[in-house]
Amino acid sequence: MFLSQSVYFFFQPAVEIYSLQVDCKVTSRFAHTVITSRIVNRANESREATFEVELPKTAFITNFSMSIDGEVYPGIIKEKAAAQNKYDSAVSQGQSAGLVKITDRKLEQFHVSVSIAAASKVTFELTYEELLKRQLGKYELLIKVRPKQLVKHFQIDVHIFEPQGIHFLETDSTFMTNELTEALTKEQNETKAHILFKPTLDQQKKNSDETLLNGDFVVRYDVKREATAGDIQIVNGYFVHYFAPREMPVFPKNVIFVIDRSGSMTGRKIEQTRDALLKILQDLRQEDHFSFITFNHKVVEWKSSLLPATEENVASAAALVDACSLFAGTDISGALLAAVGVLDKAEGLPEHSVSMIILLTDGQPTSGERNVEVIQENVQKAINGKYALFCLGFGFDVSYKFLEKIALSNGGIARRIYENADAALQLQGFYQEVATPILMQIEMQYPENSIEGLTKNNFKLFFEGSEIIVSGKITVLLMVSFLPLQHTSNLTLKEEANVKEKEQVFQNQRYIFGNFIERLWAYLTIQQLLEKVISAQEEDQKALEAQALDLSLQYSFVTPLTSMVVTKPQQQEELANKPTEAANGDPQLLLQLPRQNERICLNIDKRAQTSVHLLSDPEQGE
């Protein structure tokens with residue numbers, strides 16, 4: 001997914017940032033990012049310095065520290081409950097809480113403020129890690145650049161090491177000028193790439209004191225792939241297995257679009273939905289079958305059966321979308337069960353085809369069955385593993401927790417659609433990700449006596465342009481078997497990996513940051529355990545959370561179950577939560593500050609617009 005970071009600095013004129021660096025090392029898709037900001041207070045009195053970073057929602061913070069006049073205040077990862085007790089005590093003494101905010105659909109904002117004495121310096125350093133997700137045939141690192149000022153030592157330094165080989169690499173920017181292009185260097189060989197953006201003060205200048213650095217800095221790449229059972233990489237007894245077949249035929253789709261047309265969809269939402277659906281209809285393949293169900297307090301089936309995606313049928317559906325009117329009520333249960341019924345009685349569909357339901361709603365069930373637990377149970381029973389359910393929640397009035405659980409319980413995913421200018425593009429982008437299924441019922445088999453701690457190895461569907469990742473601990477020779485169902489027949493692929501030979505690939509590589517495959521395994525395991533918690537029965541949730549908590553503490557990840565505590569002299573404490581999209585079980589950052597006039601806020605906002613600030617603070621310095 002996107003790797004994004006930003007720092008925006010609200011400052012007094014005398015408080016200057018003299019160095020701002022983003023250092024990112026990507027090794028086999030696993031990204032390790034360190035953001036360092038150095039600030040000096042040239043005033044003759046105390047001033048406040050602020051550090052803000054926008055990081056991917058899927059990233060885990062692993063370290064944060066502040067160094068004030070040479071004294072370092074490190075972060076310590078603790079169980080969330082232990083940190084909460086300290087925080088509750090601080091609140092009872094009248095001290096305020098910091099926040100962590102979601103800023104848009106991809107990013108969270110980390111915000112810290114601290115008062116520094118006259119002539120003092122402070123260094124902020126934040127580290128986070130993330131496994132990049134392949135979407136539509138590429139990995140993308142997005143860095144939001146918005147310093148709001150000239151910065152004397154400004155640098156974005158990206159190193160990429162991909163043992164499979166780099167298939168293509170490109171950089172892009174929304175603010176690049178001829179002068180700034182001269183500050184960008186890119187080096188690449190078979191397996192490594194280095195991108196350095198290091199503009200001078202003169203190159204940054206728009207006017208005498210304004211900066212040109214305002215927008216997106218993007219690195220996109222993909223890796224080379226052979227027509228095999230994937231690529232296995234091994235370091236220090238841990239393996240990661242990447243599988244992304246290419247040039248395979250696409251399964252025909254049988255898709256039912258279930259569209260909310262309740263009164264709350266009025267205005268821009270329904271206009272953007274129409275725009276997206278009209279474009280999605282044009283993207284249907286001739287071998288696909290489709291239908292529409294719309295709902296408010298009533299459920300209306302466009303046709304009683306699925307229709308082939310002929311030019312005539314697509315044009316007829318487009319007319320329906322254009323004429324869609326709105327009424328009160330939201331019968332989500334009735335609409336989903338109607339969609340399942342249409343698929344159940346469908347005839348004449350291709351033998352090897354993929355059936356899916358795509359639900360778009362902006363509200364909660366207010367008509368028909370309203371109990372979300374009953375709806376989840378009834379829909380899961382009706383689908384019974386036969387179809388995949390994808391849920392799109394438009395805006396913040398929707399019950400995202402409900403959509404996420406019902407989607408994950410039925411082989412799909414949920415996604416929030418943010419109400420801004422590109423909402424139609426968000427809808428189209430989601431459809432493009434699921435529009436080309438090329439494998440289903442994939443089982444990755446490994447020798448039981450050679451593997452421990454295996455991550456998820458069964459996958460219902462595989463879509464073109466994505467990637468399957470499996471990781472675990474190994475002991476001896478590793479042999480892998482695959483049993484995916486291809487377009488026309490069953491397909492079995494096998495791969496062998498010799499531990500010593502594979503480990504040799506990573507010897508003496510300067511791009512390696514520690515035991516990265518072990519950390520990748522821990523990251524992936526935690527993510528999958530947290531996902532299982534969402535759809536698990538209540539009696540199983542505690543055991544899953546306990547496993548995720550143990551790994552979070554062992555590998556120093558700030559997750560929804562842990563907190564990072566930064567202790568400074570003389571007691572003030574504030575708390576920051578890492579939010580989940582469903583606003584439940586958020587991780588926290590707890591900070592103790594030295595003096596009464598010092599404060600730290602760690603923010604991550606849920607409803608902020610797309611304004612993404614990057615690397616900012618005031619500049620100058622040494």
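A residue counts as partly exposed when its relative accessible area lies between the limits for buried, under 20%, and exposed, over 50%. By that scale Thr171 is partly exposed, because its relative accessibility is 26%. The model is predicted. Its chain has 622 residues, 59% of which count as buried, and contains twelve helices and 33 strands.

**Confidence**
- The average pLDDT of the chain is 81, and 79% of the residues reach at least 70.
- Residues 1-12 have a pLDDT below 50, and in the model this stretch makes 80 contacts beyond near neighbours in sequence.
- Residues 584-622 also stay under 50 in pLDDT. The model gives this stretch 216 contacts beyond four places in sequence.

**Chain as a whole**
- The accessible surface of the chain is about 25300 Å², and carbon and sulfur atoms contribute 45% of it.

**A four-stranded sheet**
- Strands E16, E17, E28 and E26 form an open sheet in the order E16-E17-E28-E26, with antiparallel pairing.
- Its edges are strand E16 (231-235) and strand E26 (451-452), each of which pairs on one side only.
- Five bridges join E16 to strand E17 (residues 238-243) in the antiparallel sense.
- Gln233 lies opposite Val240 of E17.

**Helix H11**
- Helix H11 covers residues 516-535, and its end C-alpha atoms are 29 Å apart. This agrees with the 28 Å that its 20 residues should span at 1.5 Å a residue.
- Of the 20 residues of H11, 15 are buried, so the helix is largely enclosed by the rest of the structure.

**Aromatic pairs**
- The structure contains 23 aromatic pairs.
- One of them joins Phe257 and Phe292. The ring centres of Phe257 and Phe292 are 5.1 Å apart and the planes meet at 25°, so the pair is stacked, the cut-off being under 30 degrees.
- Phe257 belongs to strand E18 (residues 253-260) and Phe292 to strand E19 (residues 289-295), so the pair ties together parts 35 residues apart in sequence.
- Phe257 counts as buried because its relative accessibility is 2%. Phe292 is likewise buried, at 2% relative accessibility.
- Phe257 and Phe292 belong to a cluster linked by ring pairs, which also includes Phe290, Trp302 and Tyr431.

**Thr127**
- Thr127 sits in strand E9 (residues 121-131).
- With a relative accessible area of 7%, Thr127 is buried, since the limit is under 20%.
- Leaving out residues up to four places away in sequence, Thr127 is in contact with His32, Thr33 and Val34 as well as Phe60, Ile61, Thr62 and Asn63.

**Thr171**
- Thr171 sits in strand E12 (residues 166-173).
- The C-alpha atoms of Thr171 and Val218 are 5.5 Å apart, while the two residues are separated by 47 residues along the chain.
- Val218 is also one of the residues that Thr171 touches, not counting those up to four places away in sequence.

Conventions
Residues numbered from 1 in each chain as written. Predicted model: local features only at pLDDT ≥ 70, side-chain atom pairs only at ≥ 80, totals over all residues. Heavy atoms only, no water. Pairing = 2+ DSSP bridges. Helix = DSSP H or I, 4+ residues; strand = E, 2+ residues; numbered from the N terminus. Buried < 20%, exposed > 50% of the residue type's maximum accessible area, 1.4 Å probe, protein only. Areas by Shrake-Rupley, 256 points an atom, 1.4 Å probe, with all protein chains shown as cover. pLDDT = per-residue confidence, 0-100. Contact = heavy atoms within 4.5 Å. Expected span 1.5 Å × (residues − 1). Phe/Tyr/Trp six-rings, centres within 6.5 Å; stacked < 30°, edge-to-face > 60°.
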